[in-house]
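Biologist: Could you walk me through reading pockets and helix packing in a model like this one? I would like the general idea and then the case at hand.

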Amino acid sequence: MLEVIRLLGLGDTTSAVYDAMLQRPEAGVPELSELLALPEGQVSAALDGLCDSTLLRPSREHPGTFRVIDPAVALDHALRRQEQELADRQIQLAQAKAAALRALSGYTQDTPADGTPEHPALRLVGLDAIQNQLEVLGRQVRDECLAVMPGGAQSAASLDASRPLDTDALRRGVAMRTLYQDSVRNDAPTLAYAKWLTEQGGQVRTAPLLPPRMLVFDRRIALIPLDPSNTRAGALRTEEPAVIGNLLTLFEQFWQTAVPLGTRTSGTGDGLSATERELLKLLAGGITDEGAARRLGVSLRTVRRQMASLMERLEATSRFEAGLKAARRGWL
């Protein structure tokens, strides 16, 4: 059994704590510390590791407590998850390769007999190519521009490049709706730009989490990143109706739940802000601090500070204990 646990990347202390919990699943940190003759800090760290590796799960029968998962089951789930992630990645790579080939050739699969592509796609490599295309589309847009800008604070270069394009579009009466992450409210340059947009007639809302970056012009042309994790790598300009339709649906879903810039992001009845609730959900799902920071568009230091604040409010000494208390309060 210990060998199975080690296959999940857990050490001897975590293995010992796991064995003890198999025998006494109701035991808390003090009892486990006394039983194993280990400091409570080591026990808490081991319990955090067990939660991260899915060897502990919230109990449905006794909310606020955890149930112990058989290591063979946990290992099988981990292997299946890795296999699925690999399969998904292979599909994404195949789709990206096919899209790139179509873009480079200037044709789609439905090219008419006369050789004119019905829904042309254009692959834009590098920031200069993207900016050139934005200037073209900025001049052509007539009715509406929808934008999703994840990642929190926007770079000064990006804001400077956007201002003349946005100014021209707004003066021509183009309706502009922009989604930022809540974290931009703490970045003075981005917040000032967002306020300027609203003063000029645009609409700006924020949300804790956002889909990948996108721009949709007049509901018929979209720019999306070739690699959402590295928007500097390039973008794809597409007029494919199926793609545009999905992007519009995604935008509207997030727009409906986002908070207008002129209002404050208030907490819920339990005192949690929307960002704090999303942070708890991300960490409870096993995502790392680094991953949570990327998703929320904040720094790693900010995530750790917010987590420390949550643990203090919960009067918890470890993430394991924080998870228990958060579950008891209905925060998860």
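Modeller: Gladly! Keep in mind that this model is predicted. Let's start with the largest pocket, which has 50 lining residues. Those nearest its centre are Met-149, Pro-150, Gln-154, Arg-213 and Thr-231.

Biologist: How much space lies in the largest pocket?

Modeller: The largest pocket holds about 1,500 Å³ of space.

Biologist: Which helix gives the largest share of that lining?

Modeller: That is helix 7, spanning residues 156–171, with eight residues in the lining.

Biologist: And how do the lining residues divide into nonpolar, polar and charged?

Modeller: Counting by class, 30 are nonpolar, 15 are polar and five are charged.

Biologist: Now for the helices. At what angle do helix 3 and helix 4 pack?

Modeller: Helix 3 (residues 29–36) and helix 4 (residues 40–52) pack at about 115°, and their axes are 9 Å apart. Helix 3 is therefore roughly perpendicular to helix 4. The crossing of these two is right-handed.

Biologist: Which residues of helix 3 and helix 4 meet there?

Modeller: From helix 3 come Val-29, Pro-30, Leu-32 and Ser-33, and they meet Glu-40, Val-43, Ser-44 and Leu-47 of helix 4. By class, this contact has five nonpolar residues, two polar and one charged.

Biologist: What about helix 2 and helix 3: at what angle do they pack, and how far apart are their axes?

Modeller: Helix 2, residues 12–23, packs against helix 3 at an angle of about 110°, with 11 Å between the axes. By the cut-off we used above, that makes helix 2 roughly perpendicular to helix 3. Helix 2 also passes helix 3 in a right-handed crossing.

Technical notes:
Residues are numbered from 1 along each chain as its sequence is written. This is a predicted model: local features need pLDDT of at least 70, side-chain atom pairs count only at pLDDT 80 or more; totals for chains, interfaces and linings use all residues. Side-chain values use heavy atoms; hydrogens and water are left out. On a 1 Å grid over the protein atoms alone, a cavity is a set of points where a 1.4 Å probe fits but cannot get out, and a pocket is an open set with protein on both sides within 12 Å along at least five of seven lines; lining residues have an atom within 4 Å of a point. Grid points are joined across faces, edges and corners, and a volume is the space filled by probe spheres set on the points. Helices (H or I, at least four residues) and strands (E, at least two) are DSSP runs, numbered from the N terminus. Ala, Val, Leu, Ile, Met, Phe, Trp, Tyr, Cys and Pro count as nonpolar, Asp, Glu, Lys and Arg as charged, and the others, Gly among them, as polar. Axes are lines fitted to C-alpha atoms, for helices over the stretch in contact, and angles run from 0 to 180 degrees between N-to-C directions. Angles under 35 degrees count as roughly parallel, over 145 as roughly antiparallel, 65 to 115 as roughly perpendicular and the rest as oblique. A crossing is left-handed if the near helix is turned anticlockwise from the far one by less than a right angle, and right-handed if clockwise. Contact means heavy atoms within 4.5 Å.
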